[in-house]
Amino acid sequence: MTTGREKSAKPQAMRIFLPSPARTGLMSLEDCISQRRSVREFSRQPLTEQQIGQLLWAAQGITHPDGFRTAPSAGALYALEVYVATPPGFYHYFPETHCLERKSAEDLRPALYQAAWEQEPILAAGAVFVIAAVYERLAGKYGKARSPQYAHLEAGHAAHNLLLQAVSLSLGSVPMGAFHDEQVQRALSLPAEQTPLYLIPVGVRS
């Protein structure tokens, strides 16, 4: 991913304003659904800024003036945070401005690989998307006992959007839930209140 749009001199605060997402594609929804398969072998070709932005938009992008997003959320409280790990660094996605903030200039995929039982797609993919949940955002309305279930449903919606978008971009992807939560949190320096739910490697098929 290129970094020509970064706006700050401080590595920890660099912002990348992503290209506007496409609202039409070359494949029908039915074709995307029928062709979606888990892909675990990728070439070393990096993803473009446009591709990464499109995938992030599919997962959590804004689609309405009132701030509604691509994936449904209980009470429109939006319990998810989405990140992406690439060779140039680790980034946090901000749906409201469709931009990335660089959290680390390191390639954190090897650390994710160790935290996820050494699953090879994490190292091979051009990008690893990370979906985390903040249960407290839902607890005020739905209670602490019910909030995790609603957050998990929301994560599933967002992940499947991303997987279908990958198909439409002729990319491969695979959703992963086998990892050590605490190791992922440490590897990515996630805030304590954010629980990682998904790792989704996406890349150019080999």
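Mentor: Glu81 has Ala132 of S5 as its bridge partner. That pair belongs to the region where strand S2, residues 80-86, meets strand S5, residues 127-133; 6 bridges join the two, and they run antiparallel. The model is a predicted one, and what follows describes that prediction.

S2 and S5 are part of an open sheet of 7 strands, whose order is S1-S4-S3-S2-S5-S7-S6, with antiparallel pairing. At the edges stand strand S1 (15-17) and strand S6 (172-173); each has a single partner strand, so one side of each is left without a neighbour in the sheet.

Helix H7, residues 181-188, lies across strand S3 (89-94), S5 and S7, and its angle to S7 is about 70 degrees.

The relative accessible area of Ser147 is 1%, and because the limit for buried is under 20%, Ser147 counts as buried. Apart from neighbours within four places in sequence, the residues in contact with Ser147 are Tyr135, Leu138, Ala139 and Tyr142. For Ala139 there is also a polar approach: a polar atom of the Ser147 side chain lies 3.1 Å from the backbone nitrogen of Ala139.

Methods: Residues numbered from 1 in each chain as written. Predicted model: local features only at pLDDT ≥ 70, side-chain atom pairs only at ≥ 80, totals over all residues. Heavy atoms only, no water. Pairing = 2+ DSSP bridges. Helix = DSSP H or I, 4+ residues; strand = E, 2+ residues; numbered from the N terminus. Contact = heavy atoms within 4.5 Å. Axes fitted to C-alpha atoms, helices over the stretch in contact; angles between N-to-C directions. Buried < 20%, exposed > 50% of the residue type's maximum accessible area, 1.4 Å probe, protein only. Polar contact = N/O pair within 3.5 Å; in protein donor to acceptor, adjacent residues only side chain to side chain.
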